[in-house]
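Here's a quick briefing to read alongside the model. Have the sequence and the 3D view open as you go.

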Amino acid sequence: MALEDDIRTLNETPLLDELGRDALRLVAFSADHIHLQPGALLFREGDVAEASFVVVSGEIALERAGVEKRVGRCALIGEIALVAETLRPATATAVGPAELIRITRGLFARLFEEYPELARKLHARIAARVQSNVADLRRVEALLRK
């Protein structure tokens, strides 16, 4: 895939869409591409998460405790791994042929060094997502207690 195509895909990806063209160019140039065949395993639940993935094409099934969610183009999988050491909360498998961009935590840290204003922007955005997830969990917990 051409560098400009990667930049366009990254720019259409939630969270990464705030990076700006220069930072996206750095990510597109430095990140790895992964090609998966149908049924191929991307990672297992409980694996150490050292990177996040952007779906360029195809579809990825995320499965946890028998519940499956499918994500497609421009989905960012495992964004917390970009900023913190964590374990994979689900197993990810290619539904059909899929192409992904792999962004390591180290590459993301490099972005913060070269573009310090990004750290502030992304911190606020990630904090809002975490707060939303906590609120969702509280609603589920309340439903389960009924």
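Among contacts (heavy atoms within 4.5 Å) between residues at least 6 apart in sequence, 73% join residues at least 24 apart. Bear in mind that this is a predicted model, where local features need pLDDT of at least 70, side-chain atom pairs count only at pLDDT 80 or more, and totals for chains, interfaces and linings use all residues. Residues are numbered from 1 along each chain as its sequence is written, and side-chain values use heavy atoms, with hydrogens and water left out.

**Overall build**

- The protein has four helices and 10 strands; helices (H or I, at least four residues) and strands (E, at least two) are DSSP runs, numbered from the N terminus.
- Reading from the N terminus, the elements go α-α-β-β-β-β-β-β-β-β-β-β-α-α.
- The radius of gyration, taken over C-alpha atoms, is 16 Å, close to the 15 Å from the globule rule for 146 residues, so the protein is as compact as a globular protein of that length. That rule is 2.2 Å times the number of residues to the power 0.38.
- Along the principal axes, the C-alpha atoms fill a box of roughly 50 × 35 × 25 Å.
- Of the 146 residues, 37% count as buried, meaning under 20% relative accessible area, with exposed being over 50% and partly exposed in between (1.4 Å probe, protein chains only).

**The four-stranded sheet**

- Four strands make an open sheet in the order S1-S10-S4-S7, with antiparallel pairing; two strands pair if DSSP finds at least two bridges between them.
- Strand S1 (32–36) and strand S7 (76–77) sit at the edges, each pairing on one side only.
- S1 and strand S10 (residues 98–104) run antiparallel and are joined by five bridges, and His35 stands opposite Glu99 in S10.

**Strand S5 and its partners**

- Strand S5 (residues 60–64) is joined by five bridges to strand S6 (residues 67–71), antiparallel, with Ile60 opposite Val71 in S6.
- The two form a hairpin with two residues between them, and Ala65 in the turn has a positive phi of about 50 degrees.
- S5 also pairs with strand S9 (residues 91–94) in the antiparallel sense, over four bridges; here Leu62 stands opposite Ala92 in S9.

**Helix H1**

- Helix H1 (residues 3–11) lies across S1, strand S4 (51–57) and S10, running at about 110 degrees to S4. Axes are lines fitted to C-alpha atoms, for helices over the stretch in contact, and angles run from 0 to 180 degrees between N-to-C directions.
- Asp6, Ile7, Thr9 and Leu10 are buried in H1. Seen down the axis of H1, its buried residues fall within an arc of 165 degrees, so they line one face of the helix; the arc is that of the directions from the helix axis to the C-beta atoms.
- Their cover includes helix H2 (21–30), S1, S4 and S10.
- Not counting residues up to four places away in sequence, Asn11 touches Asp17 and Leu24.

**Helix H3**

- Leu107, Phe108 and Leu111 are the buried residues of helix H3 (residues 105–114). They cover an arc of only 100 degrees around the axis, which puts them on the same side of H3.
- These buried residues pack against H2, S10 and helix H4 (116–145).
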